[in-house]
Amino acid sequence: MATDSLTESRERVDASRAARKGQTVALFPPAEKEVLLQKYHPDYKAEAYRALRIGPNAGQKTVHEVADLLEGDSPVAQADLKSVPDYTTDLLIIGGGGAGCTAALTARAAGVKVLLATKLRLGDSNTVMAEGGMQVAVKPGDSPVRHFLDTIKGGHFANDRELLKVLVEEGPSATQWLLSLGVLFDRDDDGNLRVRSGGATSTPRLLTCKDYTGLELMRVLKDALINEDVQVVEFAPAVELLSDGAGRCTGAILKNLDNNRFMTVHAKAVIVATGGSGRLHIQGFPTSNHFGATGDALPIAYRLGAELAFIDTFQYHPTGAIYPEPMAGLLVTEAIRAAGAQLVNRLGERFVNETDTRDVVAAAIIRECVEGRGVITPSGRRGVWLDAPLVDLVNGEGTLDTRFPNMRKLFSRYDIDIRAESVLIHPTLHYQNGGVKIGVNGDSTVAGLFVAGEASGGLHGRNRLMGNSLLDIIVFGRRAGQAAAAYAASTTQGPATLDHVAHFRDALRQAGITAPSASPRLIPDYVRREEATTRS
Ligand code: MEZ
């Protein structure tokens with residue numbers, strides 16, 4: 001039930017709607033943008049960061065939550081490593097989301113034996129949470145060059161240019177591959193692929209499956225995988241990687257979540273595709289991520305000596321639901337803003353161009369809340385309004401029903417009809433912009449260790465452009481699958497040791513880190529720290 005102040009504030013939004021319809025708000029000029037980000041974006045909050053004391057990225061800063069993981073201790077002891085492995089394979093893929101499944105399909109097609117292990121069930125991943133679409137330059141007038149320029153501008157010109165070149169150039173063939181598997185992208189009346197607008201892009205470039213694009217991709221990838229000769233082990237997250245003692249990755253230790261026992265896997269090559277870290281609730285933010293997104297790739301790859309990239313930057317998606325309380329953190333797709341929904345403060349005023357880059361829009365929302373123009377929910381969260389009914393006013397009645405059925409359904413569970421009512425939102429922790437540093441074949445700085453998807457770092461620079469994550473998991477999932485299969489076919493199984501863990505423990509001791517917590521974390525810690533941010 002909304003309180004009086006919520007009702008009054010929503011009425012101000014309703015009252016100003018007609019005047020706001022068609023109103024233009026300028027994009028932030030570059031100098032003002034920088035000031036806004038410095039002051040309000042969580043990535044710029046100095047006290048949220050600290051420098052790493054050990055490992056390949058020692059001296060570099062990351063948020064405390066990630067530093068705790070990277071400076072954490074392995075949960076395994078030497079005795080947990082079995083001399084007779086539970087599984088032996090050519091290629092071990094860790095992670096059963098879009099990147100992992102794509103890599104598995106590609107590697108299997110290349111002829112190697114593949115084992116895929118995943119923390120929860122096959123498909124439980126951030127891929128299924130992706131709503132608004134996949135960026136790919138397939139339309140006349142668009143081009144990979146234009147896609148490259150939009151992306152690098154959004155990424156603060158920090159993106160790894162080689163990775164980005166591969167992403168945009170291979171986008172069309174990756175799309176063909178998805179179509180050949182049976183993905184049902186939206187089409188126009190003539191049966192051609194339809195492209196939609198996203199935020200911060202120079203032209204409509206999003207391929208969509210209404211507002212559940214990632215779910216559709218995962219449906220198809222999962223089906224394809226189930227019909228392949230790939231062994232899948234569910235409820236078995238990786239807790240440590242194995243090495244030959246000379247820096248080469250040779251397998252992993254998995255934890256059987258049914259009985260908490262460790263399992264040893266020998267593999268000639270390993271691909272880590274465990275996704276992002278939203279469930280660490282960095283800086284106390286709620287998250288749009290799936291339950292298993294606890295950044296597992298980071299500590300296990302780091303202990304093995306893999307370099308990380310851009311671990312100081314995270315994406316706070318501007319529009320996470322904050323009301324009703326059970327919806328807190330849930331993604332309200334950016335596509336709805338691209339379709340005309342406006343952001344409005346408690347006074348009924350717009351304050352940002354809704355299609356500016358995500359970091360700018362998120363910072364502007366936080367500014368409204370900090371400066372007292374936000375709305376407070378009955379449980380004490382702060383946010384602003386997303387004027388969803390405008391979408392039908394601008395595009396014609398029925399648009400919300402046909403293009404955003406998932407949003408309609410999610411809010412209708414709480415008797416909120418987004419065709420008639422604005423909804424309350426605040427930035428939600430959405431994406432790990434950085435991760436394990438990779439080259440164009442998903443190769444990490446450790447031989448035999450490949451990384452794909454959100455667990456990797458470099459492609460997205462300091463702010464990922466909407467829709468590039470779905471393309472990333474397909475393009476780089478395929479590349480990692482191909483490269484790891486070729487590597488596995490050209491090498492023999494090396495010894496499988498935990499020597500690197502012993503070295504890492506020495507480094508922890510030498511750095512005076514005496515009581516490290518265990519990492520990876522695997523299951524989120526639900527002390528409700530996120531309240532600190534959205535309620536302050
Ligand atoms: O790429 C994304 O993060 C995405 C498409 C999200 C969304 O707003 O729908």
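How far is an oxygen atom of the ligand from a polar backbone atom of G132? The distance is 2.7 Å, a polar contact in the sense of a pair of N or O atoms within 3.5 Å. The structure is a predicted model, in which local features need pLDDT of at least 70 and side-chain atom pairs count only at pLDDT 80 or more, while totals for chains, interfaces and linings use all residues. Residues are numbered from 1 along each chain as its sequence is written, and side-chain values use heavy atoms, with hydrogens and water left out.

An N or O atom in the side chain of H317 is 2.7 Å from a ligand oxygen atom, and an N or O atom in the side chain of R358 is 2.9 Å from an oxygen atom of the ligand. Of the 270 Å² of accessible area that the ligand has on its own, the protein covers 99% (Shrake-Rupley method, 1.4 Å probe).

The ligand sits in the largest cavity. A cavity is a set of points, on a 1 Å grid over the protein atoms alone, where a 1.4 Å probe fits but cannot get out; a molecule sits in a cavity if more than half of its atoms lie within 2 Å of its grid points. The ligand is surrounded by 13 residues, the closest being G132, T333, E334, H430 and R464 (a residue is near if one of its heavy atoms lies within 4 Å). This shell consists of 2 nonpolar, 7 polar and 4 charged residues, with Gly counted as polar. At least three shell residues come from each of domain 1 (2-40 + 315-429) and domain 2 (78-126 + 210-313 + 433-499), the bounds being taken from an automatic or database domain assignment.

Most peptide bonds are trans, and most residues other than glycine have a negative phi. The bond between Y323 and P324 is cis, with omega about -5°; P324 is in the loop between β13 (314-321) and α9 (334-338), where helices (H or I, at least four residues) and strands (E, at least two) are DSSP runs numbered from the N terminus. A cis bond with omega near 0° also joins S519 to P520. F157, which is not a glycine, has a positive phi of about 60° and lies in the loop between α5 (144-154) and α6 (161-181).

Note on methods. Polar contact = N/O pair within 3.5 Å; in protein donor to acceptor, adjacent residues only side chain to side chain. 1 Å grid on protein atoms, 1.4 Å probe; cavity = no way out; pocket = protein on both sides within 12 Å on 5 of 7 lines; lining within 4 Å.
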